[in-house]
Amino acid sequence: MWRWIGRRARNEQDLRDEIQFHLAEETKLRIDAGAPEDDAAAAARRAFGNVPLVQERTRDTWGYRALETTWQDVRHGLRLLARYRLFAAFSILALALGIGGTTAIFTLYNAIVLRPLPVHDPGGLITLAIQGGGGRANSFMPYPQFEAMRAKNQTLSGIFARTALPSLNASAQGASDIASGLAVTGDYHATLGLQPALGRLLSPSDDRPGQANVAVLSHAYWQRRFGGSPGIIGQTISLNRALFTIVGVEPKRFFGVTMGVAPDFTIPLQGVPDVSGNRLPLQAAFATWIEVMGRVRPGVSLAAATTELDGIFRQTSLAAIATTTSDGDAKFARDVHIVVASGAQGGVSGLRNGYEEGLRLLLMILGGVLALASLNIAALLLSRSEARKQEIAIRLALGASRTRVIRQLLTESALLAVCGGALGLWLAWRGSEMLLRLATSAPGALPIDLTPDFRTIAFASGVCIISCLVFGLLPALRGTVIVGNFSRGAVSPRGRRLLDRSLVVSQTALALVIVMCAGLFIRSLQKLWTQETGYERSHVLMLSIDAGLTGTRGPQALEMYRRVLDELRTIPGARSASVSTVRPVSNSYYLIDVVTQVGDRRLTQEAGIRVAYNQLGPGYFATTGTPMVAGREFDGRESAGAPKVVIVSEQLARQFTGNPVGQRLMIGTNDAREVVGVAADTRYARVKDAPRAVVYFPYFEQQAPRFPPSYIIKYSGTAEETLRAAGEAIARVDPALVPFNGKTLETQTRESFARERLLASLTIYFGAFAWLLVGIGLYGLTACTVAQRGREFGLRMALGAAPSHVRWAVLRESAGTVLTGLAIGSAVALMALQVVRTQLYQVDPADPAAMTGAIVALLALSCCAAFIPARRASRIDPMAALRQD
Amino acid sequence: MVMRGRDDNRIDLLQGTLDMMILRALAWGPQHGHGIGLWIRTTSDELLQVEHGSLYPALHRLLRQRLIAAEWKVTENKQRAKYYRLTPAGKKQLTAAQSRWDQLVAVVARVMRPA
């Protein structure tokens with residue numbers, strides 16, 4: 001570039017010198033022939049011709065012409081933008097918001113849905129799932145089948161299994177915190193083809209029984225917890241009181257293979273018993289708990305791999321029938337097959353499943369907003385090109401070619417697009433992180449890599465170019481139509497006004513769809529909040545503890561939980577307290593079992609009632625404010641030796657004949673219990689799920705706790721005080737116990753609506769933006785009309801028309817435009833908004849309230865937007881208007 | 001490009017003719033722009049009066065086509081001037097142009113004065 005500029009300057013100087021020399025020679029020649037000095041110089045110039053023109057023509061031969069004209073156009077465009085500052089600022093801002101919003105959503109979409117794992121050749125990865133009896137694919141499978149596939153397959157170059165360890169008590173260097181872990185089989189890192197950032201990664205030899213425990217840190221955790229210190233290698237860290245040696249750090253951009261779940265530690269599967277205190281079901285052919293991924297050998301098709309793996313899987317399952325007595329297990333062995341899918345984007349991810357569709361929807365909505373912004377700018381440019389008609393006519397008359405003028409006008413548009421795009425990209429970069437926080441409401445570091453990659457950049461530039469063409473091309477083509485009969489004061493042709501008008505009509509229609517969409521999401525969120533759940537939401541605090549994290553297990557752990565509950569009941573402000581496994585709103589658990597006998601009625605395995613279950617402490621329903629329909633709650637006398645009792649939900653109670661209290665209920669194959677109470681229906685774990693059959697077991701009848709408990713406290717006073725008091729109460733039982741996930745039920749509920757809130761808040765912001773754009777568009781159009789028809793109005797008033805008449809004429813025209821737009825928009829909305837149906841809760845896409853609201857909002861706005869110019873029209877001084885030219 | 005006869009009758013110089021004449025002028029040896037113009041004028045007995053300026057775009061075009069090369073030298077009068085000379089490609093081009101021109105003249109002459 002600099003060399004080019006240097007050469008360019010040298011050429012220029014050469015040419016000047018050359019011409020100078022020529023003129024000097026010529027002058028000398030003429031003086032020698034006897035002419036006076038002055039005449040000679042003038043004659044030499046005359047003979048030479050137009051010096052700047054010669055320079056210009058010569059420059060053309062250097063071939064920088066295209067660049068030079070572009071540079072000229074850019075400078076010209078910048079000068080114009082500087083002159084029309086308001087217009088420029090508005091257009092750039094509108095574009096930046098449009099492009100920025102779209103790109104921010106795309107960044108999320110890219111990171112969550114499109115981007116392959118940052119590993120070697122992600123295209124070769126596969127993820128395995130099991131599917132049987134026409135059900136949905138399930139990514140969890142039993143271990144023996146995996147082991148058989150690993151040993152016998154010929155089609156894969158690597159295969160590994162993994163299981164998540166959601167919370168570990170990690171202590172090192174004298175401090176402890178709760179970290180998340182992942183346990184993997186030895187081929188994990190090698191199959192992914194990762195290189196360590198430090199030390200070494202796991203190898204198959206680490207996963208052999210009897211090996212010393214080792215752990216690998218994620219890069220993020222290494223930075224966060226150890227400040228990126230290289231001295232960490234070889235140090236010991238305790239995970240739930242079991243010692244592990246840190247051997248390495250994973251590469252920087254790697255966040256694990258499950259989108260949205262970023263493990264801080266990766267340890268070999270054989271180390272899990274030391275961490276969890278339970279033996280792994282490595283021999284159980286029907287316990288589904290590991291997730292499997294692999295890498296196909298080059299040249300092997302997915303189909304070939306599927307056939308082979310399915311063969312091995314089924315062979316192992318069928319061979320294991322002999323070891324089981326359960327009908328369900330035998331059915332599993334007969335029906336379940338392996339399905340293989342591409343694993344380039346990693347394993348099945350709840351985050352991806354939850355957001356993929358919503359993000360696609362938002363992308364569409366924001367695309368609409370951007371289209372709206374582009375149309376708006378197009379309309380503004382169009383009215384400006386009207387004002388510049390004279391300039392353009394003169395330039396065309398002076399011999400500029402139409403293409404040249406179009407090019408220049410397009411350069412101006414491109415300048416707007418580039419400025420808006422750059423600002424938008426910056427907004428997107430800042431905004432996507434904010435959006436993600438809004439979406440996941442996760443505290444701390446977000447386990448998603450949002451750095452822009454080529455896809456994001458390509459997307460943003462593509463969007464930029466398209467919008468530039470939308471708003472630039474039309475006015476450029478329009479503005480340069482040969483205006484031979486152009487004269488000042490001529491009434492603009494009808495066609496042009498029609499074009500302006502249709503631009504505003506389409507803006508109105510688009511805005512209506514967007515605003516209505518926002519309305520739908522608001523209504524849906526409202527419905528969710530006001531949904532009757534069967535429990536009281538306010539003044540309820542929940543917090544979890546896990547004795548396993550401090551190494552306490554079995555009956556001691558249960559005893560500890562009981563003492564914590566007793567302590568919690570004594571804290572000031574606690575009106576009542578209890579314990580459960582599954583919280584009223586939960587994203588961690590959804591427990592399912594099957595009821596096989598109701599009262600005296602026995603059900604076959606196939607006809608069994610699928611129930612959700614929970615484990616509760618005494619006084620749970622009093623704490624949540626759920627009434628007992630019949631019988632009683634657990635009273636605190638439940639223990640391992642006591643008679644086995646159960647509470648059922650109303651839904652399940654309907655399966656009994658007569659009062660269920662006192663009747664028998666059989667869960668699974670051998671768990672018979674007496675029903676002691678019927679609780680009113682509540683929504684289990686999710687606000688959206690309809691009430692279902694639920695079985696409640698006593699938490700404290702267990703020998704050893706199967707799941708760590710979540711305490712629930714009904715408090716008076718503030719949540720902060722209660723949380724602090726609860727922390728102190730827990731510390732009185734064991735100072736090593738760390739409460740986690742302390743949240744009010746309201747907060748937990750709000751977080752469970754994260755996706756709905758994301759959709760609603762974004763569509764509200766951008767709906768408002770669209771609304772405003774339409775107002776500006778309509779105002780611009782009306783003002784322009786008034787300006788153009790000023791003389792006409794003046795004349796009419798001079799001839800006796802009342803000002804109100806003129807005002808009405810203007811308003812009528814605007815009303816026509818707006819109503820047409822609204823009519824088209826309504827029709828489009830009714831069709832297009834069907835796509836949001838799956839994202840709505842108990843709201844129809846054609847919701848009349850949302851539609852009315854949107855129409856009223858737009859009508860009110862357009863009244864304001866049209867009224868101001870209309871009033872101006874009615875105040876035109878007839879004499880001034882007529883004297884105008 | 002326009003050339004003027006003595007009586008100011010405008011005749012459009014045929015496309016490429018000026019280029020050809022420049023190459024011809026340089027066949028005698030390196031020359032600067034003014035010298036080339038002077039040679040064309042004197043050789044044509046002042047009948048061809050090329051607008052002096054129009055030489056330069058042509059010269060730069062030929063430079064770009066690498067038919068001629070340029071070099072700053074000092075003249076006999078101790079002045080800096082840009083001297084052009086033919087390149088081998090330019091020499092070849094001149095020969096080709098010369099024979100094409102001869103053909104053209106002969107053919108046009110035959111058409112204009114049929115025997």
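Into which domains is chain A divided? In this predicted model, chain A is divided into domain 1, covering 2–63, domain 2, covering 123–344, domain 3, which is made of 353–529 + 754–882, and domain 4, covering 546–738.

Let me start with domains 2 and 4 of chain A, whose C-alpha centres lie 32 Å apart. Their contact takes ten residues from domain 2 of chain A and nine residues from domain 4 of chain A. On the side of domain 2 that touches domain 4, β3 (156–172) and α11 (327–335) of chain A each supply at least two residues, and the residues of that side divide into one nonpolar, seven polar and two charged.

Now to the core. The largest nonpolar core has 111 residues, and those touching the most other members are Ala511(A), Ile514(A), Met516(A) and Ala770(A). As general background, nonpolar side chains in soluble globular proteins tend to be buried together. If we follow Ala770(A) and leave aside its neighbours within four places in sequence, we find Ala770(A) in contact with Val369(A), Leu372(A), Leu510(A), Ala511(A), Ile514(A) and Val515(A); of these, Ala511(A) and Ile514(A) were also named among the residues that touch the most other core members.

Turning to the contact between the chains, we have 18 residues from chain A and 16 residues from chain B. On the side of chain A that touches chain B, α1 (2–32), α2 (37–48) and α3 (51–62) of chain A each supply at least two residues, and α1(A) gives the most, with eight residues. The residues of that side divide into seven nonpolar, five polar and six charged.

Chain B itself has four helices and six strands, which, read along the sequence, follow the pattern β-β-α-β-α-β-α-β-β-α. Of its 115 residues, 26% count as buried, and among contacts in chain B between residues at least 6 apart in sequence, 46% join residues at least 24 apart.

Within chain B, please look at helix α1 (residues 17–26) and helix α2 (residues 33–43), whose axes come within 10 Å and cross at roughly 100 degrees. Which residues of α1(B) and α2(B) meet? From α1(B) we have Met21(B), Ile22(B) and Ala25(B), and these meet Ile36(B), Trp39(B) and Ile40(B) in α2(B). The residues of this contact divide into six nonpolar, no polar and no charged.

Finally, two backbone details in chain A. Most residues other than glycine have a negative phi. Asp121(A), however, has a positive phi, near 40 degrees, and is found in the loop between α5 (85–114) and β1 (125–131) of chain A. Asn240(A), also not a glycine, has a positive phi of about 50 degrees, and its place is in the loop between β7 (236–239) and β8 (242–249) of chain A. Are these residues buried or partly exposed? Asp121(A) is partly exposed, with 13 other C-beta atoms within 10 Å, whereas Asn240(A) is buried, with 22 other C-beta atoms within 10 Å.

Technical notes
Residues numbered from 1 in each chain as written. Chains lettered and ligands numbered in written order. Predicted model: local features only at pLDDT ≥ 70, side-chain atom pairs only at ≥ 80, totals over all residues. Axes fitted to C-alpha atoms, helices over the stretch in contact; angles between N-to-C directions. Contact = placed C-beta atoms within 7 Å. Nonpolar A, V, L, I, M, F, W, Y, C, P; charged D, E, K, R; others polar. Core = buried A, V, L, I, M, F, W, Y, C linked by C-beta atoms within 7 Å. Buried ≥ 20, exposed ≤ 12 C-beta atoms within 10 Å, placed from the backbone. Domains from an automatic or database assignment.
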